[in-house]
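Please find below a colleague's note on the model. The points are numbered and follow the structure itself.

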Amino acid sequence: MAHIVGLMRCALRCVWVVTVVLSACAPATLAGTDLGATDAPDFALTDGITGRAVTLSGQRGQVVALTFLYTTCPDVCPLTASRFRAAQSELQADAGRVTFIAVSVDPDGDTPDAVREFSAAHGLASNWYYLVGGRAQLAPVWAAYGIGVQAGSTTVTHNDAVYLIDGRGRERVLLHSEDLATDLTKDLRALLKS
């Protein structure tokens with residue numbers, strides 16, 4: 001009888017080990033719209049803070065949170081920037097493994113000075129790029145990510161999309177501003193584990 005109990009314990013341990021291994025290998029469960037792990041469209045733009053060229057493909061190995069903002073936005077853009085800063089704080093030691101990128105939707109108003117002021121006002125400095133350029137450079141990036149941009153006299157109407165891109169450069173999930181408070185940090189953590 002002791003022999004049978006011993007075999008059962010051994011079998012249960014094996015089942016437990018297999019379950020743990022399989023759950024560790026399972027794809028991350030993410031909130032938001034699943035983008036199917038397709039390659040994220042690459043681009044090269046200028047960081048408005050440093051003046052250096054930045055490519056999306058140059059971020060491989062990092063998880064990327066990519067959004068589209070403008071510095072004089074009265075509503076969604078400051079909230080998105082604040083959520084990015086909060087996520088950096090919540091990620092603690094893992095924050096250095098995530099790159100946060102904003103692409104300008106206001107080529108005329110998002111000057112280097114405006115970008116630096118916006119970034120400082122929201123406490124964004126580490127692993128943060130605010131990419132700028134002329135309409136000819138920005139419009140293909142907007143199109144590649146389905147961002148509609150319409151400039152008004154004082155505001156710019158645009159989508160509030162936040163794309164989360166894994167370390168292999170694949171689009172994994174699309175979040176919107178109403179999802180960021182509950183899902184951004186959780187999804188970034190899941191992507192860091194996968």
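1. Which residues line the largest cavity? The lining consists of A40, P41, D42, L56, S57, Q59, R60, Q62, V64, I165, D166 and G169. A cavity here is a set of points, on a 1 Å grid over the protein atoms alone, where a 1.4 Å probe fits but cannot get out, and lining residues have an atom within 4 Å of a point.

2. This is a predicted model, in which local features need pLDDT of at least 70 and side-chain atom pairs count only at pLDDT 80 or more, while totals for chains, interfaces and linings use all residues. Residues are numbered from 1 along each chain as its sequence is written, and side-chain values use heavy atoms, with hydrogens and water left out.

3. The structure holds one cavity of 30 Å³ or more, and the largest cavity contains about 70 Å³ of space. Volume is the space filled by probe spheres set on the grid points, which are joined across faces, edges and corners. Five nonpolar, four polar and three charged residues form its lining (Ala, Val, Leu, Ile, Met, Phe, Trp, Tyr, Cys and Pro count as nonpolar, Asp, Glu, Lys and Arg as charged, and the others, Gly among them, as polar).

4. The protein has five helices and 10 strands (DSSP runs, H or I of at least four residues for helices and E of at least two for strands, numbered from the N terminus). Of its 194 residues, 42% are buried, that is, under 20% relative accessible area with a 1.4 Å probe and protein chains only.

5. Seven aromatic pairs are present (rings of Phe, Tyr and Trp, the last by its six-membered ring, with centres within 6.5 Å; planes under 30 degrees apart are stacked, over 60 edge-to-face and the rest tilted). The pair of F68 and Y145 is tilted, because the ring centres are 5.9 Å apart and the planes stand at 45 degrees. F68 belongs to strand 4 (residues 63-69) and Y145 to the loop between helix 4 (135-144) and strand 7 (149-151), 77 residues apart. Both F68 and Y145 are buried.

6. F84 and W128 form an edge-to-face pair, because their ring centres lie 6.3 Å apart with planes at 80 degrees. F84 is in helix 2 (residues 76-91) and W128 in strand 6 (residues 128-132), so the pair ties together parts 44 residues apart in sequence. F84 is buried at 0% relative accessibility, and W128 is buried at a relative accessible area of 3%. Ring pairs join F84, F100, F118, W128 and Y130 into a cluster.

Methods
On a 1 Å grid over the protein atoms alone, a cavity is a set of points where a 1.4 Å probe fits but cannot get out, and a pocket is an open set with protein on both sides within 12 Å along at least five of seven lines; lining residues have an atom within 4 Å of a point. Buried means under 20% relative accessible area, exposed over 50%, partly exposed in between (1.4 Å probe, protein chains only).
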